[in-house]
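Dear colleague,

A short account of the findings comes after it.

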Protein chains: 2
Amino acid sequence: MNNKYLTKDLKILIVGLGLIGGSYAKSLMAKGYKVYAITKKQEDIDFAKNNQIIVDGTTKVLKSYVSQFDLVIFALYPKIFLNWIEKYHNYFKKGAIINDVSGVKSNIVYKISNMLPNDVEFVASHPMAGKEVYGVKNSDPNIFKDANFIITPTNKNTSNAIKLIEELGKTLEFANISILSCRQHDEMIAFLSQLTHCIAVSLMACKPSHHLKDYTGDSFRDLTRIANINENMWSELFLLNKNELLSQMDLFINKFNELKDYIANDDIENMKKMMRLSTKRRKYFNK
Amino acid sequence: MNNKYLTKDLKILIVGLGLIGGSYAKSLMAKGYKVYAITKKQEDIDFAKNNQIIVDGTTKVLKSYVSQFDLVIFALYPKIFLNWIEKYHNYFKKGAIINDVSGVKSNIVYKISNMLPNDVEFVASHPMAGKEVYGVKNSDPNIFKDANFIITPTNKNTSNAIKLIEELGKTLEFANISILSCRQHDEMIAFLSQLTHCIAVSLMACKPSHHLKDYTGDSFRDLTRIANINENMWSELFLLNKNELLSQMDLFINKFNELKDYIANDDIENMKKMMRLSTKRRKYFNK
């Protein structure tokens, strides 16, 4: 890949070497980039160094270290990211590009952007990929291959910096890269990701389940896969996108109640009509 | 497999050569059973004969034909099954065992049982398996291998006939065979299967979706797989199990609204508590 902006002479720092940070690092290193890391635990640095996931790393946040890097990617929980920038916003190199992986945007992007000096540019993005396992030890760049990558620029962003982050998405081999406003992103994510997690959690919370597995087909299994959930991350994401999420939950409840009324009233024509609509719309998602 | 009741000298008839009927036939024929079929279209008979899915079959319902069989398995939509038995209840051989694959029980089993002569015994069962494709041409006995098989006997059933149907489930290689009352079955299925289809259909009906695929992760895809739905079959199943389904829908709405209130009130402790519960319960379903 011949990148014009994300060139191999850039020094890249990843802050937070978990599943996503580790998978970014592993993918970039395999393609000849030089990736370094700051993370909490020395054992994660050691593991990552021994497995060619990073060149080197540290558990300490020092200005002399941070200020070497041209591109700094934050793979932290949103609130920890906010606290980090609050504390260390003047540690960056002049002209550095800052990027993140946060699953919510409006409540993060403007705050981060306002804390940074004028000569440091933050371009936000959201890699829509994950796994039900955590940590750098489970790093796996394949999780990006079928996945979507969303960039959410603000009017403070330069087109070159946006292009660099687009090249980052392409280099990580995301299947599809989109550009949305923070608000569009948050509405989309509230519906597609947060609402679905709320549904799965509620469904799984309905009844004790140890005996249910003997009677279940694939549908219940599919709908509750994501009920196995990281409660710290998701409760934070839900509250950081609260208004959008509540309005998408209302939209769903209204539709669900509409179907319930059709069933209660033996209104078979309207039931079938909704099913035909859902069948037609679901086809867009066939891979 | 050494069956005591489902022996190879039994003549087996399958009525309705669709995906399920065809997959039953194919699996049984591969194990040396002699399987015949009655179905609507001659082309399905021809295809099944040419592919060793059945020995032979017919599109006509004649007493001289039906009365040859020891075991008659109905793989029809519930209402078509009811109409069939209403018309032809006196066509069966004395001592024949009747079996079905219907996804609802209370509203079917007693009616069928009451229409049959005293010397014909109906043992109902529900193979919890399927595919998003239809017809004998898509027959595939592998769909049973990971799946559950539920037998719903009544107090009219003899233990030998129930054992025969248990052996049928084992011979078809279902992963797990259970015995439930019709009421327990219908409650279970309302929750595990019908409610999940209602959720998927409602979710997919919320908004136009052709652009959403560029922003979605796996969770939305998983939750809406079954929104691709056969509207004739499922609207019939929903209405035949209406009361149970409505009460499971209420249970889900209440739980979903509980989570919604926690989010609206920033009640992070209760949000996390529900997520921990859902995570713990989901583990029972890991394969």
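The paragraphs that follow describe one threonine and then several salt bridges.

Please bear in mind that this is a predicted model.

In chain B, B:Thr39 sits in the loop between strand 2 (34–38) and helix 2 (42–50). B:Thr39 counts as buried because its relative accessibility is 11%, under the 20% limit. A polar atom of the B:Thr39 side chain lies 3.0 Å from the backbone nitrogen of B:Leu17. Apart from neighbours within four places in sequence, the residues in contact with B:Thr39 include B:Gly16, B:Asp44 and B:Thr58.

Over all chains, the count of salt bridges comes to 30. One of them joins the side chains of A:Asp70 and A:Lys93, at 2.6 Å from N to O. A:Asp70 lies in the loop between helix 3 (63–66) and strand 4 (71–74) of chain A, and A:Lys93 in the loop between helix 4 (78–88) and strand 5 (97–100), so this pair ties together parts that are 23 residues apart in sequence. A:Asp70 is buried at 19% relative accessibility, whereas A:Lys93 is partly exposed at 30%.

In chain B, B:Lys137 and B:Glu43 form a salt bridge, with 3.7 Å between the closest N and O atoms. B:Lys137 belongs to the loop between strand 7 (125–128) and strand 8 (148–151) and B:Glu43 to helix 2, so the pair ties together parts that are 94 residues apart in sequence.

Finally, a network of salt bridges links A:Arg183, A:Glu187, A:Glu244 and B:Lys207.

With kind regards

Terms used. Residues numbered from 1 in each chain as written. Chains lettered and ligands numbered in written order. Predicted model: local features only at pLDDT ≥ 70, side-chain atom pairs only at ≥ 80, totals over all residues. Heavy atoms only, no water. Helix = DSSP H or I, 4+ residues; strand = E, 2+ residues; numbered from the N terminus. Buried < 20%, exposed > 50% of the residue type's maximum accessible area, 1.4 Å probe, protein only. Polar contact = N/O pair within 3.5 Å; in protein donor to acceptor, adjacent residues only side chain to side chain. Contact = heavy atoms within 4.5 Å. Salt bridge = Lys/Arg side-chain N within 4 Å of Asp/Glu carboxyl O.
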